[in-house]
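Please read the sequence and the coordinates together. The paragraphs below go from definitions to the overall fold, then to the sheet, the cores and some single residues.

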Amino acid sequence: MPPLRSVRLLDQMRERLRYLHYSLRTEECYLYWCRLFIRFHGRRHPAELGAAEVEVFLTDLAVRRQVAASTHSQALSALLFLYTRVLGMDLPWLQQIGHPRKPARLPVVLTPGEVAGILGELEGEHRVLAQLLYGTGLRITEALQLRVKDLDFGHGALIVRSGKGGKDRVVMLPQSLLPGLRTQLAAARQLWLADVEAERAGVELPHALERKYPRAGQSWAWFWVFPQDHHSTDPRSGVIRRHHRYDQTFQRAFKRAVAAAGIHKPATPHTLRHSFATHLLQSGYDIRTVQELLGHADVATTMIYTHVLKLGGGAVRSPLDALRRHSAPRSDSG
C-alpha cells in the first residue's frame with residue numbers, strides 16, 4: 001500500500017479506507033467508533049493504548065450502553081482496522097478478542113397475499129423498486145445502485161455489480177416487471193438528457209474508473225436506474241452531481257404501505273428479500289440455487305429459510321388439532 005500522506009490520525013484512516021475501496025457508509029462508521037474510542041480514553045493516542053484499554057471500551061459498550069452484538073462487532077472491526085491497517089501494529093491480543101455471537105433470529109417473512117397487499121399500496125417508482133426487491137431478492141442498496149447497463153432485457157437477466165463481499169452475480173429479470181422497468185428507464189433518461197444539456201458532471205463511477213474513463217460517467221449506460229430528482233454534493237469529491245435514490249426515502253414509503261395494507265408484522269424492505277428466498281424454496285427450488293441468487297458466501301446463511309418453512313402449513317400437526325377426531329359427541333339431553 002502507498003505511504004500515508006496525512007498527518008492527523010483520523011485523516012490517515014479515511015485515506016486508507018478509500019484506497020481499499022470501502023463504502024462511504026463503512027468509512028463513516030469506522031471513523032465514528034475510532035473517534036469514540038479516542039475520546040473514551042481522554043484523547044490519548046491509540047498507539048499508547050493496549051489490550052486493557054480496548055477491552056474496557058468494548059466492555060463499556062456491552063454492559064453500560066448495552067449495544068447489540070452486531071454493533072459491538074462493528075466497533076471491534078473498526079479498531080482492528082485502525083491498529084493493523086493504519087498504525088501498522090501487529091497486536092496478537094487484538095486478534096484474540098472474540099466477536100460476540102449474534103443470537104439466531106428467524107427472519108420476518110410475508111405471505112404472497114401480504115406482498116401483493118403492500119405492492120397495491122405503493123405507486124410509481126416505489127412500486128417498481130418494491131417489485132424488483134421481491135422479484136429478484138436484491139438488497140436495497142444493490143437495487144438503488146443499479147446502472148442502465150446492468151439490465152439485460154435480451155437475456156432476461158440482471159447483473160449485480162460489487163454486491164456484498166465485492167462479488168458480482170446474475171439474477172433473473174421477472175417478465176412481469178419489464179413494463180414497469182421500461183417506464184422507470186424512460187423517466188431516468190429524461191433526467192440524464194437534462195444533465196447532458198446542462199453539461200452537468202456525470203454520475204459517480206466506482207473506484208478508479210473515473211480516472212481511467214473520464215467521460216464514462218456522463219454516458220447513458222452508466223446512469224442510475226433510480227436517480228434522484230435533484231443534484232447533491234458528492235461527500236468525497238465535493239463535485240455536484242446526481243446521486244441515486246436514498247434508501248431512507250423508500251423505507252418511509254414502504255412503512256406507510258405496510259400500515260395501509262393492514263399488516264402488523266415488523267416488515268421492512270429487507271423483508272421482501274426474505275420472502276423471495278422463502279417462496280422460492282416453497283416452490284421446490286433447491287437451496288444451492290437460492291444461495292447463488294441471494295449472493296450468500298456460505299449455504300449455512302441460506303439455511304435459515306428452511307427453518308421458516310417448518311412453520312405454518314408445512315409444519316408438524318399440533319396434537320390439539322387431532323383432538324377433534326377423538327372427541328365424543330356432546331349430548332343435548334342435559
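A residue is called buried when its relative accessible area is under 20%, exposed when that area is over 50%, and partly exposed in between, with a 1.4 Å probe and protein chains only. By this rule Y83 counts as buried, because its relative accessibility is 0%. Y83 sits in helix α4, residues 69-86. Its C-alpha lies 8.0 Å from the C-alpha of A47, at a sequence distance of 36 residues.

The model is predicted, so local features need pLDDT of at least 70 and side-chain atom pairs count only at pLDDT 80 or more, whereas totals for chains, interfaces and linings use all residues. Residues are numbered from 1 along each chain as its sequence is written, and side-chain values use heavy atoms, with hydrogens and water left out.

The chain has 334 residues, and 40% of them count as buried. It holds 16 helices and 5 strands; these are DSSP runs numbered from the N terminus, with helices being H or I of at least four residues and strands E of at least two. A contact means heavy atoms within 4.5 Å. Among contacts in the chain with a separation of 6 or more, 59% join residues 24 or more positions apart. The accessible surface is about 19,400 Å², and carbon and sulfur atoms hold 53% of it; such areas come from the Shrake-Rupley method with a 1.4 Å probe, and for residues only the protein chains shown count as cover.

Next comes the sheet. Strands of a sheet pair through backbone hydrogen bonds, either parallel or antiparallel. Here two strands are taken to pair if DSSP finds at least two bridges between them. An open sheet of 3 strands runs in the order β1-β2-β3 with antiparallel pairing. Its edge strands, each pairing on one side only, are β1 (151-152) and β3 (169-172). There are 2 bridges between β1 and β2, and 4 bridges between β2 and β3. L158 in β2 is the bridge partner of L151, and L158 also stands opposite V171 in β3.

In a regular strand the side chains alternate between the two faces of the sheet. G156 is in the loop between β1 and β2. G156 touches V171, M172 and L173, leaving aside residues up to four places away in sequence. The C-alpha atoms of G156 and L173 are 4.9 Å apart, although 17 residues separate the two in sequence.

Which residues touch the most other members of the largest nonpolar core? They are I118, L138, L158 and F254, in a core of 54 residues. A nonpolar core is a set of buried Ala, Val, Leu, Ile, Met, Phe, Trp, Tyr and Cys residues joined through side-chain atoms within 4.5 Å. At least two residues of this core come from each of α6 (112-121), α7 (124-136), α8 (140-144), β2 (157-160), α9 (178-197), α11, α12 (269-282) and α13 (287-294). Apart from this core lies another, of 25 residues, including L17, C29, Y30 and A75.

A disulfide is a pair of cysteine sulfur atoms within 2.5 Å, and a search of the whole structure finds 0 disulfides. C29 is buried at 16% relative accessibility, and C34 is buried with a relative accessible area of 0%.

R245 lies between β5 (240-244) and α11 (247-260). The side chain of R245 makes a polar contact of 2.8 Å with the side chain of E125. A polar contact is a pair of N or O atoms within 3.5 Å; within protein, one must be able to donate a hydrogen and the other to accept it, and residues adjacent in sequence count only if both atoms are side-chain atoms.

Most residues other than glycine have a negative phi, and most peptide bonds are trans. Q66, not a glycine, has a positive phi of about 50°; Q66 lies in the loop between α3 (51-63) and α4 and is exposed, at 63% relative accessible area. E199, also not a glycine, has a positive phi of about 55°. E199 lies in the loop between α9 and α10 (209-212) and is exposed, at 71% relative accessible area.
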